[in-house]
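Open the model in your viewer and keep the selection tool at hand. The stops below can be taken in order, one selection at a time.

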Amino acid sequence: MSAITYFGYGSNMDFAALKAKGVVPSASRKARLEGWALRFSVEHFFRHEGGVGNIEKTGDQADAVEGVLHVC
């Protein structure tokens with residue numbers, strides 16, 4: 001079985017949150033995804049909870065999302 005890499009941002013940078021979802025990375029390191037931007041453009045299933053963070057490709061290298069690259 002080969003390892004996969006996963007770019008986590010927001011709550012998916014947190015090891016405990018990932019573990020609760022059944023994901024246990026074998027390694028993690030800081031990462032930066034250039035040409036993408038963090039947006040809150042997706043409505044949460046429960047409206048009173050606010051927006052859901054997602055990332056959107058902008059193509060503008062000045063935009064970047066900070067996160068963690070997990071090896072799973």
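On this tour, contact means that heavy atoms lie within 4.5 Å. Please keep in mind throughout that the model is a predicted one.

Begin with the open sheet, which has three strands in the order E1-E5-E2 and is paired in the antiparallel sense. Select strand E1 (5–8) and strand E2 (27–34): these stand at the edges and each has a single partner strand, so one side of each is left without a neighbour in the sheet. Looking from one strand to the next, you will find a twist that averages 35°.

Now move to strand E2 and pick out Ala-31. Is Ala-31 buried or exposed? Its relative accessible area is 16%, and because buried means under 20%, Ala-31 counts as buried. If you leave out residues up to four places away in sequence, Ala-31 touches Phe-7, Val-65, Glu-66, Gly-67, Val-68 and Leu-69. Ala-31 and Leu-69 are 38 residues apart along the chain, while their C-alpha atoms are separated by 5.7 Å.

For the last stop, select strand E4 (residues 51–57) and, within that strand, Asn-54. Asn-54 is also buried, at a relative accessible area of 15%. Setting aside neighbours within four places in sequence, show the residues in contact with Asn-54, which are Tyr-9, Ala-37, Leu-38, Arg-39, Phe-40, Ser-41 and Val-42.

Key: Residues are numbered from 1 along each chain as its sequence is written. This is a predicted model: local features need pLDDT of at least 70, side-chain atom pairs count only at pLDDT 80 or more; totals for chains, interfaces and linings use all residues. Side-chain values use heavy atoms; hydrogens and water are left out. Two strands pair if DSSP finds at least two bridges between them. Helices (H or I, at least four residues) and strands (E, at least two) are DSSP runs, numbered from the N terminus. Axes are lines fitted to C-alpha atoms, for helices over the stretch in contact, and angles run from 0 to 180 degrees between N-to-C directions. Buried means under 20% relative accessible area, exposed over 50%, partly exposed in between (1.4 Å probe, protein chains only).
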